[in-house]
Amino acid sequence: MSTLVEEMLKQTPPPSGVKPSAKDFQSDQDVRWCPGCGDYSILAQTQRIMPDLGVPKHQTVFVSGIGCSSRFPYYMNTYGFHSIHGRATAIASGLKMARPDLSVWIVTGDGDGLSIGGNHMIHLLRRNLDVNVLLFNNQIYGLTKGQYSPTSEAGKVTKSSPYGSLDYPFNPAALALGSSATFVARTLDRDPKHMQATIKRAAEHKGTSFVEIYQNCNVFNDGAFFQFTEKDTKDDSVVFIEHGKPLVFGKEKDKGIRLNGFSPEVVSLKDGKYSINDLLVHNEKDTTLSFILADMTYKSHLPRPVGIFLAIDRPVYESEMTRQIAFAREKRGEGDMKKLLNSGDTWAVQ
Amino acid sequence: MTEKTTQNLDEVTIRFAGDSGDGMQLTGTQFTNTTAILGNDLSTLPDYPAEIRAPQGTLFGVSGFQIHFGSTEIHTPGDQCDVLVAMNAAALKVNVQSLILGGSIIVNTDGFNDKNLKLAGYPENPLKNGSLGKYKLYEVDISKLTALALQDLNISSKFVDRSKNFFALGMMYWMYNRPMDTTVDWLKEKFGNKPDIMEANLRVLKAGWNFAETTEIFNVRYDVAPAKLPPGKYRNITGNQAVAWGFMAAAKKANLDLFLGSYPITPASDILHELSMYKNFGVKTFQAEDEIAGITSAIGASFGGALGITTTSGPGVALKTEAIGLAVMVELPLVICNVQRGGPSTGLPTKTEQADLLQALYGRNGEAPVPIVAAATPADCFDAAFEASRIALKYMIPVFCMTDGYLGNGSEPWLIPDFDSLPDISTKFRIEAEGFFPYLRDETTLARPWAIPGTPGLEHRIGGLEKQNITGNVNYEPLNHELMVKLRIEKLERIANDIPLATVEGKPEGDLLVVGWGGTYGAIKSAVLREQQKGKSVSQLHLRHLNPFPKNLGEILYKFKTILVPELNMGQLIKVLRSKYLVPAVGLNKVQGLPFKSIEIETKIDEILKGKK
Ligand SMILES: Cc1ncc(C[n+]2csc(CCOP(=O)(O)OP(=O)(O)O)c2C)c(N)n1
Ligand code: SF4
Ligand SMILES: [Mg+2]
């Protein structure tokens with residue numbers, strides 16, 4: 001006997017084959033972020049790539065926690081669940097286990113996903129459910145009006161740290177890798193093309209995709225990432241890592257990253273000492289390398305790595321669950337409640 | 001061989017006690033299963049320490065298992081025991097006061113060496129100094145006899161020590177005239193691939209039986225005839241197993257997948273263990289990283305169209321609190337099963353208590369009404385879980401299903417229900433896009449539609465922010481909030497139209513009504529029955545539904561001169577009854593981590609009736 005869910009899916013064939021547009025993914029709700037907030041760009045890029053993913057909106061679900069970023073689902077014309085602080089990852093896990101047929105997205109913030117929800121995040125990543133995490137990192141608590149977050153730099157002066165924060169920040173990419181994530185990437189709110197490409201790759205990945213998005217909170221932490229996003233500085237401050245390509249950066253593409261032992265170092269391609277052949281070539285299948293690259297993050301003598309650190313295959317949690325169920329059914333037959341109730345030691349009273 | 005006589009007994013209570021490593025729980029369970037199959041009515045009380053292997057021979061390491069069985073109806077595990085099997089000095093010391101005067105003690109003399117006596121705090125050997133003169137003392141060197149039975153097998157002394165419980169079991173089977181088949185079959189299945197271990201255990205079991213039959217120590221054996229239970233097919237079941245099966249039956253009846261999100265916690269873990277076996281029923285069990293992920297994953301599964309449940313004990317409920325509020329707000333079906341234990345904080349993990357009622361009723365921020373269903377006996381846990389699921393699905397609401405450690409671990413014979421005649425709890429998903437609003441309610445139940453992801457045209461967003469009536473859009477308007485708060489409360493109140501009226505066991509009016517809830521049912525029942533036999537005007541009312549209450553509850557309460565509310569807490573139900581019905585109820589409260597003895601309730605009733613003008 002098929003369950004009610006299976007019956008529903010049978011009764012409701014998907015709508016016509018016309019390819020939806022970005023507009024079809026916009027809900028009728030007014031977007032309420034502060035003008036100039038980096039969240040707008042993330043919403044726009046996500047809506048733009050949705051039609052290309054080939055998943056109809058009724059099969060797409062956005063789950064979020066609490067924070068400015070977590071308002072995201074209200075603006076997507078898909079199914080959505082704006083839940084409680086830090087728990088989007090766990091809610092999405094249950095949803096995906098119950099409904100492997102759905103495309104499930106998690107939208108979270110640096111506070112939501114790494115502070116109050118840090119525990120669920122690391123466990124989601126090691127389990128490797130086939131869901132996508134978009135972590136909006138603005139290095140601040142936006143919704144509660146500007147306290148330091150677990151990604152704020154040490155010494156940061158905020159309302160709750162007038163003498164400077166004593167916390168050392170998380171490096172989200174390294175945390176994800178340390179949690180055995182199978183897809184880890186970083187992108188920028190002010191680089192729409194890179195963001196679109198990254199989110200698309202995340203969607204295609206089978207397993208949990210973790211995408212950290214540097215997002216400007218122009219009200220409480222304005223300019224936190226300008227060094228990496230603004231014209232004057234970005235070329236010399238960011239190295240875009242791409243699978244199979246050497247790590248070259250700089251306005252003139254005149255600098256590169258070379259490995260000295262296990263340590264990355266910046267070399268010049270101009271002074272004749274090193275050529276492009278000496279540079280580190282990125283391999284997104286190499287877990288060891290992914291750690292080395294992610295570790296460049298807070299080192300002031302190195303450019304900030306942006307791109308896909310790791311994309312590897314590992315069995316997907318809900319598929320394994322489905323497989324176990326199929327195995328049990330094959331081995332023990334479809335469960336029969338009547339038989340179960342009457343199983344084991346029973347006796348009759350006349 | 002000596003002449004052996006047989007006597008008939010109506011009922012008897014046996015307590016097996018030993019070190020936590022002595023296998024007393026296993027011994028008790030085996031004796032219970034055999035006794036159940038013989039057709040006796042029974043009730044059990046496992047009582048074990050929180051430490052897995054407490055230091056050997058210590059008082060706090062004593063593990064006990066009490067079984068009360070008979071040819072009459074049995075409602076409790078027995079206030080006192082008639083027979084105590086004590087595997088060492090500490091077990092004797094801890095349990096001897098629960099033995100009736102003139103009761104029997106069967107001791108393993110090997111457990112009374114100097115070290116044992118010292119650990120148990122006996123200045124001298126109680127077996128030798130006549131201090132047990134009020135009892136019938138049977139001294140058996142169980143350890144030595146076990147070793148003898150195994151001497152020609154090549155078996156370690158550690159194993160010999162571990163299997164001595166089967167010797168004790170064999171003796172008790174002989175004494176109470178029970179066949180060994182059930183245990184023999186169990187051993188064969190359990191150790192099928194370890195034939196030497198199976199063989200050794202079988203030998204020890206039979207050695208115990210043969211010893212009892214041949215030795216001159218025992219010259220009386222007892223018959224306890226089958227009970228006259230309602231006709232039908234029976235099995236023995238623990239509360240935790242019954243809860244698990246109740247959820248499975250509900251999911252099957254509703255044609256939904258069952259999803260359990262749970263984090264291990266005593267005494268609820270067995271529900272997780274049980275459900276994780278039934279993958280072939282499509283049951284999905286998820287051992288989450290914590291209690292919060294346990295419940296929130298279940299909420300996610302419910303959003304996707306499964307019957308989401310989470311099982312835990314009090315400390316876990318504390319952690320789930322915020323998520324329960326979310327489920328109230330998003331109006332999704334969910335069952336939270338609380339197998340209560342002694343609190344607060346970590347409290348008494350392996351002991352029972354009913355001190356989480358107010359937590360279930362009020363333990364959330366904001367006005368967050370949650371229905372509460374409570375189980376009365378171990379087998380009744382099946383019906384409670386089924387009923388909690390029914391309400392959750394029909395009203396789109398999170399529901400508490402309350403049991404406790406005593407119910408969860410305790411067991412009793414269960415008249416196996418006919419699956420086909422269980423109530424129809426079928427539900428349906430909203431499919432039509434025409435006229436769909438996420439918070440447009442059913443006129444009768446006030447439930448909102450269950451529209452699950454994957455349905456074309458019903459894309460919508462839910463969340464913990466206040467909803468606008470009907471549309472479900474985020475809304476902060478003052479009057480809308482008040483309306484929504486009231487609607488959520490009214491939805492809960494309407495459940496009262498859909499649950500059975502409360503029934504009185506005994507006369508519908510009189511001097512005293514004993515009102516209870518949860519696992520105290522059996523103890524209250526025994527006490528009330530004895531009062532009724534004494535001709536006293538005493539009745540009983542036991543509540544299955546604690547929120548909302550049955551509609552006629554007030555009416556019934558007003559018909560009695562006095563209301564007595566026995567609870568294993570400092571007075572929680574009584575607070576609610578007093579404030580809701582303004583009745584001058586009297587409490588009887590016990591918080592010792594143990595169930596009520598029926599005599600405690602009987603004494604209180606006598607006291608009240610005596611004081612009456
Ligand atoms: C249980 C709980 N604790 C605290 C809060 C208050 N709170 C809401 S959002 C937030 C921090 C959000 O920061 P982040 O996740 O970085 O999101 P952002 O607003 O920056 O996008 C906090 C502390 C809450 N909603 N719930
Ligand atoms: S507070 Fe910051 S993060 Fe929040 S909406 Fe405003 S700009 Fe964006
Ligand atoms: Mg933030």
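Ligand 2 is surrounded by residues of chain A, namely A:Trp33, A:Cys34, A:Cys37, A:Asp39, A:Cys68, A:Asn138, A:Gly142, A:Cys217, A:Asn218, A:Val219 and A:Phe220, a residue being near a molecule if its C-beta atom, placed from the backbone, lies within 6 Å of it. This shell divides into seven nonpolar, three polar and one charged residue, where Ala, Val, Leu, Ile, Met, Phe, Trp, Tyr, Cys and Pro count as nonpolar, Asp, Glu, Lys and Arg as charged, and the others, Gly among them, as polar.

The model is predicted, with local features needing pLDDT of at least 70 and side-chain atom pairs counting only at pLDDT 80 or more, while totals for chains, interfaces and linings use all residues. Residues are numbered from 1 along each chain as its sequence is written, and chains are lettered from A and ligands numbered from 1 in the order in which they are written.

In chain B, an automatic or database assignment gives domain 1 (5-224), domain 2 (235-421) and domain 3 (504-611). The C-alpha centres of domain 2 and domain 3 of chain B lie 26 Å apart, and their contact takes 22 residues from domain 2 of chain B and 21 residues from domain 3 of chain B, two residues being in contact if their C-beta atoms, placed from the backbone, lie within 7 Å. On the domain 2 side of chain B that touches domain 3, the residues divide into 15 nonpolar, four polar and three charged.
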